[in-house]
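Thanks for coming. I'll keep this short. Please have the sequence and the model up as I talk.

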Amino acid sequence: TDADFKMAVRNDPRGPEAEAYRAWVKEVLMPLSNRAANLVMERADLLEGTSIEPLLLQLVAHVSAYKVILKQWEEGAVNEFSQVPYPEDLQIWVSNEFGLLKRRQAMLLGLGGKRLLGNGGLMRLAAKL
């Protein structure tokens with residue numbers, strides 16, 4: 001399970017699970033998370049509302065913490081882990097916000113909240129142009 005893997009990584013930071021974890025963080029997770037955090041920082045002006053969603057702030061904090069941790073791992077301190085967890089509910093929030101955005105887009109395009117793609121939505125859009 002996920003909990004067993006995390007425990008194995010923390011209990012034996014030089015073991016095979018920990019080595020695999022660090023490789024995934026360095027080569028896959030960190031580049032993706034870094035792109036997401038940069039989007040938040042560079043395009044926050046496109047967010048709706050008067051405040052930034054706390055999950056987005058947690059993402060930026062998590063990525064910032066892991067930049068330091070990656071450096072520590074390079075220097076041999078492989079038992080270092082972030083105290084700022086990845087925002088587990090971020091995907092749910094993004095999906096909900098994306099759904100709201102697509103519904104508004106459909107309404108503005110005169111599709112009455114219908115899906116833009118699928119079920120002929122794209123064809124309906126083209127017919128209105």
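Start with α3: its 21 residues should span 30 Å at 1.5 Å a residue, and its end C-alpha atoms are 30 Å apart, which agrees. That expected span is 1.5 Å times one less than the number of residues. Helices here are DSSP runs of H or I, at least four residues, numbered from the N terminus.

A word on the source. This is a predicted model: local features need pLDDT of at least 70, side-chain atom pairs need pLDDT 80 or more, and totals for chains, interfaces and linings use all residues. Residues are numbered from 1 along each chain as its sequence is written, and side-chain values use heavy atoms, without hydrogens or water.

Which residues of α3 are buried? Among them are Leu59, His62, Tyr66, Ile69 and Trp73. Buried means under 20% relative accessible area, with a 1.4 Å probe and protein chains only. The cover over these buried residues includes α2 and α4.

Trp73 is in contact (heavy atoms within 4.5 Å) with residues including Tyr21, Val25 and Tyr66.

Last, Ser82. This residue sits in the loop between α3 and α4. Ser82 counts as buried because its relative accessibility is 13%. Its side chain has a polar atom 2.9 Å from the backbone nitrogen of Val84. Contacts of Ser82 beyond four places in sequence include His62, Tyr66 and Ile69.

How values were computed. Helix = DSSP H or I, 4+ residues; strand = E, 2+ residues; numbered from the N terminus. Buried < 20%, exposed > 50% of the residue type's maximum accessible area, 1.4 Å probe, protein only. Polar contact = N/O pair within 3.5 Å; in protein donor to acceptor, adjacent residues only side chain to side chain.
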